[in-house]
Amino acid sequence: MVTVAVYSQQTKIFNGKDLSGWTIHGTEKWYVDNGELICESGPDKEYGYLSTDKNYKNFILTLQFKQEANGNSGVFFRSSIEGTKINGWQVEVAPQNLFTGGIYESYGREWLVKPKPEDEKILKPGEWNKMKIKVQGDEVTTWLNGHQMVYIKDEKIGQGEGFIALQIHSGGGIKVRWKDLKIKEL
């Protein structure tokens, strides 16, 4: 007998209209404008997160982002949060030469893998960029604009559980636009 794995189709996790299915953590601004999800520094200039109400274990996430102003942000996976202290792993979204596509562990081991210096040129500052993140078991691969940025195999990531979250970094003056957030569960 042959067993064939059937994978789910890619589904939108942001509806382009409102923040249904998401939870805001912190005082930073999260809103929808012209079908895009916007994160913007608020008056406290602190960390802020927007997390999915659903947990995701194994998946391929695709999205587009455009950094405006400073633009330091990220996409967390298999994460949990208390207040604005997030645990889990982040795929960095930052200005050029600050490791977009790399994997960072918050409140843990910090940088696990950074893209090669020559790969930093893949980022298009001030323009729409396409990101793809594959998380399966203990393996994570990221792509930026169709180019593989990093791959890591990590036992601790393999044991992780939790939601997906978008981040806005502390410091103020940050604005990032997001669109076409779609997931395919594996």
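Is Arg177 buried or exposed, and what is its relative accessible area? Arg177 is buried, with a relative accessible area of 13%, where buried means under 20%, exposed over 50% and partly exposed in between (1.4 Å probe, protein chains only). The views below come from a predicted model, in which local features need pLDDT of at least 70, side-chain atom pairs count only at pLDDT 80 or more, and totals for chains, interfaces and linings use all residues. Residues are numbered from 1 along each chain as its sequence is written, and side-chain values use heavy atoms, with hydrogens and water left out.

**View 1. An open sheet of seven strands.** Here the strands follow the order E2-E5-E14-E7-E8-E9-E10, with antiparallel pairing. Strands E2 (22–25) and E10 (110–113) stand at the edges with a single partner strand each, so one side of each has no neighbour in the sheet. On average, neighbouring strands of this sheet are turned by 25 degrees against each other, direction ignored. The axes are lines fitted to C-alpha atoms, for helices over the stretch in contact, and angles run from 0 to 180 degrees between N-to-C directions.

**View 2. Strand E5 beside strand E14.** Five bridges join E5 (residues 48–55) to E14 (residues 163–168) in the antiparallel sense. Among the residues to look for is Gly48, whose bridge partner in E14 is Ile168. Asn55 also lies in strand E5. Leaving aside neighbours within four places in sequence, Asn55 is in contact (heavy atoms within 4.5 Å) with Gly162 and Phe163. The Asn55 side chain reaches the backbone nitrogen of Phe163 at 3.3 Å. Asn55 and Ser80 are 25 residues apart along the chain, and their C-alpha atoms are separated by 9.4 Å.

**View 3. A network of salt bridges.** Asp33, Glu36, Glu68, Lys175 and Arg177 are linked in this network; a salt bridge is a side-chain nitrogen of Lys or Arg within 4 Å of a carboxyl oxygen of Asp or Glu. By this rule the count comes to ten salt bridges. Asp33 and Arg177 meet at 3.9 Å, N to O. Asp33 sits in strand E3 (residues 29–33) and Arg177 in strand E15 (residues 174–185), so their pair ties together parts that are 144 residues apart in sequence. Asp33 is partly exposed at 35% relative accessibility. Glu68 and Lys175 form a salt bridge at 3.8 Å, N to O. With Glu68 in strand E6 (residues 59–69) and Lys175 in strand E15, the link spans parts that are 107 residues apart in sequence. Glu68 is partly exposed, with a relative accessible area of 22%.

**View 4. Arg109 meets Asp154.** In this salt bridge, the closest N and O atoms are 2.9 Å apart. Arg109 belongs to the loop between strand E9 (103–106) and E10, and Asp154 to the loop between strand E13 (147–153) and helix H1 (155–159), 45 residues apart. Arg109 is partly exposed, with a relative accessible area of 38%, while Asp154 is buried at 11%.

**View 5. Asp119 without a salt bridge.** Asp119 lies in the loop between E10 and strand E11 (129–136). Asp119 is buried yet has no salt bridge, and the nearest side chain of opposite charge, Lys116, is 4.3 Å away. For charge, Lys and Arg count as positive and Asp and Glu as negative, while His and the chain ends are not counted. Not counting residues up to four places away in sequence, Asp119 touches His147, Gln148 and Met149.

Notes: Pairing = 2+ DSSP bridges. Helix = DSSP H or I, 4+ residues; strand = E, 2+ residues; numbered from the N terminus. Polar contact = N/O pair within 3.5 Å; in protein donor to acceptor, adjacent residues only side chain to side chain.
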